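Subject: Structure handover

Dear colleague,

Please find the structure below. My notes on it follow.

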Amino acid sequence: MSDTADVIAAIRAELATVDDPEIRRPITELGMVESIDVAGSQATVKILLTVAACPLRDTLTKDVREAAMRVGGIEEATVEFGVMTDEQRRELQQNLRGPAAPEPVIPFNEPTNRTKVFAVASGKGGVGKSSLTVNLAAALSAKGLTVGVADCDIYGHSIPRMMGADQAPTQVEDMIMPPTAHGMKVISIGMFTPGNTAVVWRGPMLHRALQQFLADVYWGELDVLLLDLPPGTGDIAISVAQLLPSAELVLATTPQQAAAEVAERAGAIVSQTHQKIAGVIENMSWMRLPDGSTMEPFGSGGGEQVSKTLTRDLGAEVPVLGQIPLDPAVREGGDAGVPLVVSDPDCETSQAIMAVADQLAVKKVSLAGKQLGLTPTGG
Ligand SMILES: Nc1ncnc2c1ncn2[C@@H]1O[C@H](COP(=O)(O)OP(=O)(O)OP(=O)(O)O)[C@@H](O)[C@H]1O
């Protein structure tokens with residue numbers, strides 16, 4: 001062979017028969033041949049190792065030398081070693097495994113998405129967060145908005161029952177289609193826990209499950225999505241903040257001092273997560289007695305206290321969005337799977353919830369139920 005380039009090409013072709021002793025794939029395919037130089041009858045081949053302390057360096061030296069010397073005109077071959085950079089190692093890994101699985105895409109984070117997302121949170125359990133979520137959803141739906149509700153409580157998942165939507169979601173290809181109830185789409189992460197068993201999900205697994213859940217559910221075009229968070233400031237609340245950074249918090253509390261204090265703690269996590277708090281809803285504020293008078297079984301002032309403390313501590317206005325009465329009809333509606341706002345929209349309690357919905361700045365963005373403004377031309 002006359003030309004050096006031809007000799008180098010011939011050596012490269014021979015090196016394609018040399019497998020990396022560990023990976024057992026040709027070193028040429030693995031990006032391990034950094035350079036081949038030829039000077040007269042002398043070839044120098046530089047090989048990149050994945051790690052410096054490659055135990056099979058000797059085998060590789062022997063195989064590479066022999067391969068190079070099979071080429072006519074090459075009488076001596078030297079093998080030099082280098083180590084791959086991190087970038088080269090990553091390329092190798094991709095080469096072997098195929099491109100890394102893409103991160104699940106959460107549609108609400110896409111720049112074109114205009115769905116308003118609210119995460120309903122509370123400090124303490126049992127303050128009525130789930131009941132408020134479903135009734136608030138119904139109130140927003142009654143305003144003509146397209147509404148989705150996602151129950152993010154792995155262990156609790158009371159939302160589907162409260163909305164009468166506990167049938168299993170259907171799966172189409174990779175998408176999960178949420179069941180519909182009272183014109184709203186409803187899904188619970190609890191529907192995906194194996195056999196509804198109380199699995200102990202640790203932080204990273206929980207985060208991953210929530211991410212997949214938010215990405216795989218097909219919501220269509222929503223004006224508003226309400227997320228029901230588990231009580232407290234646990235992993236889910238933090239994950240939601242990370243996965244949906246634009247979600248605003250709605251804090252639920254009762255008028256009781258003790259409940260308000262924990263609600264403040266739940267609200268204070270936004271100073272770390274940099275979310276916005278849309279406001280506070282005080283639930284079970286008073287009870288109307290048969291004679292028309294009211295009583296306050298849980299005391300008063302909790303909502304106001306949370307609002308004041310958080311406004312001061314966060315330096316941004318955290319308003320009280322409303323006070324909702326303690327009304328047995330709320331529980332009955334939850335048990336029957338028909339939110340009170342749906343069954344009795346004109347009652348005092350439903351009206352109070354609708355007033356909260358009015359304050360949540362949600363604009364209609366979906367086309368569902370909307371007349372397309374098409375005007376015939378030429379008329
Ligand atoms: N305004 C209300 N009037 C009467 N009962 C209510 C009211 N709000 C909630 N309840 C009842 O209080 C109980 C607790 O409510 P809910 O399950 O909504 O609370 P929660 O804060 O979501 O609880 P957790 O997060 O611990 O599951 C339920 O039985 C519910 O029906």
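Helices (H or I, at least four residues) and strands (E, at least two) are DSSP runs, numbered from the N terminus. This is a predicted model, in which local features need pLDDT of at least 70 and side-chain atom pairs count only at pLDDT 80 or more, while totals for chains, interfaces and linings use all residues. Residues are numbered from 1 along each chain as its sequence is written.

Overall layout

The chain has 13 helices and 15 strands. Domain 1 covers 4–97 and domain 2 covers 108–359; these bounds come from an automatic or database domain assignment. The centres of domain 1 and domain 2, taken over C-alpha atoms, are 60 Å apart. Of the 379 residues, 40% count as buried (20 or more other C-beta atoms within 10 Å of the residue's own; exposed means 12 or fewer, partly exposed in between, with C-beta atoms placed from the backbone). Among contacts (C-beta atoms, placed from the backbone, within 7 Å) between residues at least 6 apart in sequence, 73% join residues at least 24 apart.

Cores

A nonpolar core here is a set of buried Ala, Val, Leu, Ile, Met, Phe, Trp, Tyr and Cys residues joined through C-beta atoms within 7 Å. The largest has 76 residues, and F118, V120, V149, L227, V240 and L251 touch the most other members. Helix α4 (residues 129–142) supplies the largest share of this core, seven residues. A second, separate core has 18 residues, including M32, V33, A43 and A77. Leaving aside residues up to four places away in sequence, L251 touches A121, S122, A263, A266, G267, I277, V280 and V306.

Which residues of helix α11 (residues 328–336) are buried? They are V330, G333 and G334. These lie on the same side of α11, because they cover an arc of only 100° around the axis (the arc is that of the directions from the helix axis to the C-beta atoms). They pack against α4, α5 (159–163), α12 (340–343) and α13 (348–359). On the face turned away from the buried side of α11 are the exposed residues P328, E332 and D335.

The ligand is surrounded by 20 residues, of which G125, G128, S130, S131 and R331 are the closest (a residue is near if its C-beta atom, placed from the backbone, lies within 6 Å). The elements giving two or more residues to this shell are α4 and α11, and α11 gives the most, with four. By type, the shell divides into seven nonpolar, 10 polar and three charged residues. Ala, Val, Leu, Ile, Met, Phe, Trp, Tyr, Cys and Pro count as nonpolar, Asp, Glu, Lys and Arg as charged, and the others, Gly among them, as polar.

Two further positions

L243 lies in helix α7 (residues 235–243). L243 counts as partly exposed because it has 18 C-beta neighbours inside 10 Å. Not counting residues up to four places away in sequence, L243 touches I106, L210, Q211 and L214. L243 and V280 are 37 residues apart along the chain, with their C-alpha atoms separated by 22 Å.

A209 is found in helix α6 (residues 203–216). With 19 other C-beta atoms within 10 Å, A209 is partly exposed. A209 and I189, 20 residues apart in sequence, are 8.3 Å apart in space, C-alpha to C-alpha.

Regards

Definitions and conventions
Contact = placed C-beta atoms within 7 Å.
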